[in-house]
Amino acid sequence: MFPTYAILLVIFTTPTAHGILEGLYCGQHNCYDVLGVTRESGRSEIARAYRKLARVYHPDKYKEADAEERFQLIATAYEILKDDEERENYNYMLDNPDEYYSHYYYYYKKRVTPKVDPKIVIAVSITVISAFQYFSWWTRYHSAIDYLLVTPKYRLKAVDIATKEGLLNNKAKRKGRRNKEEIKEEEEKTLRKIIEENTDIKGGYSKPKVTDILWFQIVFLPLTVLNYVAWWLSWIWRFTICGREYGPEEKHYLIQKYLQVSTSQYEAIEEKEKDVFIHKKLWIKQNFVVYKAEKDEEMKAKMAENAKYKSYRRYMKREGGGRMYFED
């Protein structure tokens, strides 16, 4: 019960605004009266009134005890009325004094919110995302190269290429002038370079391109859309209207579409498997449906022979999938 009473107490004891609020805008003073203008006055009239009062009440000229406070009030009134958004909020407070909390919200929102151009925020955000993309892609690419470098199959091929080109033999001749660590490090650099030049890594670990980052994608988006429309119209003309046969590129595109995989995922598929796709003419929808059904049945048969899957099936049959037990 206590929280309910506390909430009611806060609601009924919170002071409601009647007229001008203390601590907001010009405090207990009316900003228009301070400058001697009306709500219908334009920005130029308000500016003239401010300059006139500033010349009179500037602390260097006005020597009364309240000179500093009076001049500060004039400056505050001008800052509020010269800003269209601030003036609109102030007028709303004058017309709706009882909306106590909203007045404080809009007043402090204007002062706390950083005055930064949204364009700059968007540009910086895109730049950060683009930099993160490029860095993560390079990290994955280097991890793939590191893996190939320690894999015997690829390392032996790289050593064979380096030996034939004399890249390792030349370094062996200079062993006397360098320690083993330096020679080992340079050989590793040579093998890494050979692997990078002779290995075509596809899919998610492929070598990153600057044109793939978000900034370039956004800048060249109109051109990308234009190219897609041109490609689509060309497809309709060549294959739908003219009835031409699909080429290798078009066949692989249709197979990728039916597999529902991305370009990088399709490129990562081994060439032997792609050759099977072409041999079975999977770019034809009916053939693909039959092929997929066969693959599904084949997968079910493998799962049926799998010991872990058999145990799982026995468990589900015995215990059921909807049961739940609690320990005492």
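Start with the place where helix 12 meets helix 13: W231, W235, R238 and F239 come from helix 12, and they touch E250, Y253 and L254 of helix 13. This is a predicted model, by the way. Sorted by type, the residues of that contact are 5 nonpolar and 2 charged, with no polar ones. As for geometry, helix 12 spans residues 221-241 and helix 13 spans residues 248-259, and the two pack at an angle of about 110 degrees with their axes 14 Å apart. Angles of 65 to 115 degrees count as roughly perpendicular, so that is what helix 12 is to helix 13.

Now over to the largest nonpolar core, which has 24 residues. Y25, C31, L35, Y50, L81 and Y90 are the ones that touch the most other members. At least two residues each come from helix 2 (31-35), helix 3 (43-57), helix 4 (67-82) and helix 5 (84-95), and helix 4 gives the most, with 7 residues. Take L81 as a way in: setting aside neighbours within four places in sequence, L81 is in contact with C31, Y32, L35, V37, I46, R87 and Y90.

C31 is joined to C26 by a disulfide, with an S to S distance of 2.1 Å, and the model's disulfide count is 1. The link is right-handed, with 115 degrees about the S-S bond. Are these two cysteines buried or exposed? The cut-off for buried is under 20% relative accessible area, so C26 qualifies at 5%, and C31 does too, because its value is 0%. C242, on the other hand, is partly exposed, at 37%.

Methods
Residues are numbered from 1 along each chain as its sequence is written. This is a predicted model: local features need pLDDT of at least 70, side-chain atom pairs count only at pLDDT 80 or more; totals for chains, interfaces and linings use all residues. Side-chain values use heavy atoms; hydrogens and water are left out. Axes are lines fitted to C-alpha atoms, for helices over the stretch in contact, and angles run from 0 to 180 degrees between N-to-C directions. Helices (H or I, at least four residues) and strands (E, at least two) are DSSP runs, numbered from the N terminus. Angles under 35 degrees count as roughly parallel, over 145 as roughly antiparallel, 65 to 115 as roughly perpendicular and the rest as oblique. Contact means heavy atoms within 4.5 Å. Ala, Val, Leu, Ile, Met, Phe, Trp, Tyr, Cys and Pro count as nonpolar, Asp, Glu, Lys and Arg as charged, and the others, Gly among them, as polar. A nonpolar core is a set of buried Ala, Val, Leu, Ile, Met, Phe, Trp, Tyr and Cys residues joined through side-chain atoms within 4.5 Å. Buried means under 20% relative accessible area, exposed over 50%, partly exposed in between (1.4 Å probe, protein chains only). A disulfide is a pair of cysteine sulfur atoms within 2.5 Å.
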